[in-house]
Amino acid sequence: MHPDVGKALHLQEVDRTISDLRGEIASLPKHIAEIEKALGSHLKKLEVDKAALAANQLDRKKLEGEGKDQQQKISKLKDQMLGAKTNEQYRAFQKEIDFCEAAIRKCDDQGLQLMEAAEALAQNVRAAEVSLAEEKRVVEARKKEVAAQTARDKTDLARFLAERASIAASITKPLLATYERLHKRMPDGKVVAKVVDSSCGSCNMMIRPQYMADLKLGPDVLACENCRRILYIEAPPVDVEAQMND
Ligand SMILES: [Zn+2]
């Protein structure tokens, strides 16, 4: 392999790592935002349940007040009833009392229904408070982990960027310029392609026999005639047995 191509291959590996590190550094805050959003929506749900519970308690108080009012009305009516002069007046009072008693029963029934609903709501609130305490703990722990991971990634990134600069400085200018130009263009970041079965390992285009011969001779760095990637032929493994038999 041409030594410059070896360096370009090394540069490609380092660029891959740099790209992965940058991707991770960019994705970590998004991950935190997602788990914080989930926590926020669970907190909101808890607030809604708490508000419903408070409203329920208020409604029950109101019903209790209404019941008491009706009770007072009944005692007043009973007092007035004592002074009834005719059967007709008596029946009129009794009718009003019946009406108040019906209203009290209605309040009691509604109160009972509200009480049942309040029990379910209170249970929801208690369960949500327990699970939210745990969720908050998990989110805080994850945030610390992510902060540590990001710091590590940034240190690694600085190290790989320095390594990249030193590799780039050691490559001949024209090849480096070709590399940088291709690197920007290739979405997969692959600039250097291995020759596989006389074809470009990246775009699979067959390489002409003459071009293959030139590649094997290797004084020049050659690019794939189709995708323009820098080509290299991997040296065949050394046949130790054959060497020993020589
Ligand atoms: Zn190609």
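**Notebook: loop, helices and domains**

I started at D197, which sits in the loop between strand 1 (192–196) and strand 2 (199–200). The model is a predicted one: I take local features only at pLDDT of at least 70 and side-chain atom pairs only at pLDDT 80 or more, while totals for chains, interfaces and linings use all residues. Numbering runs from 1 along each chain as its sequence is written. Helices (H or I, at least four residues) and strands (E, at least two) are DSSP runs, numbered from the N terminus.

I looked up phi for D197 and found a positive value of about 50°, although D197 is not a glycine. Most residues other than glycine have a negative phi. I then checked burial, for which a residue is buried if 20 or more other C-beta atoms lie within 10 Å of its own, exposed if 12 or fewer, and partly exposed in between, with C-beta atoms placed from the backbone. D197 counts as exposed because it has 8 C-beta neighbours inside 10 Å. S198 is in the loop between strand 1 and strand 2 too. Its phi is positive as well, near 60°, and S198 is not a glycine. S198 is partly exposed, since 13 other C-beta atoms lie within 10 Å.

How many of the 9 residues of helix 4 (residues 209–217) are buried? The count is 0, and I noted the helix as hardly covered. Just after helix 4, G218 has a positive phi of about 70°.

I placed L21 in helix 1 (residues 3–82). Is L21 buried or exposed? L21 is buried, because 20 other C-beta atoms lie within 10 Å. Leaving aside neighbours within four places in sequence, I listed D153, D156, L157 and F160 as its contacts (C-beta atoms, placed from the backbone, within 7 Å). R152 lies in helix 2. R152 is exposed, because it has 12 other C-beta atoms within 10 Å. From C-alpha to C-alpha, R152 and L21 are 9.8 Å apart in space and 131 residues apart in sequence. For L21 and L9 I noted 12 residues in sequence and 19 Å in space, C-alpha to C-alpha.

Two packed helices are described by the angle between their axes and the distance between the axes. Axes here are lines fitted to C-alpha atoms, for helices over the stretch in contact, and angles run from 0 to 180 degrees between N-to-C directions. The axes of helix 1 and helix 2 (residues 87–170) come within 5 Å and cross at roughly 165°. Helix 1 is therefore roughly antiparallel to helix 2 (an angle over 145 degrees). The crossing is left-handed (the near helix turned anticlockwise from the far one by less than a right angle; clockwise is right-handed). I sorted the contact residues into 40 nonpolar, 16 polar and 27 charged. Ala, Val, Leu, Ile, Met, Phe, Trp, Tyr, Cys and Pro count as nonpolar, Asp, Glu, Lys and Arg as charged, and the others, Gly among them, as polar.

The axes of helix 1 and helix 3 (residues 173–185) come within 11 Å and cross at roughly 35°. This crossing is right-handed. Helix 1 contributes D4, A8, L11 and D15 to the contact, and helix 3 contributes L175, Y179 and H183. These divide into 4 nonpolar, 1 polar and 2 charged.

The domain assignment, automatic or from a database, gives domain 1 (18–169) and domain 2 (174–237). I noted 64 Å between the C-alpha centres of domain 1 and domain 2.

Terms used. Contact = placed C-beta atoms within 7 Å. Parallel < 35°, antiparallel > 145°, perpendicular 65-115°, else oblique.
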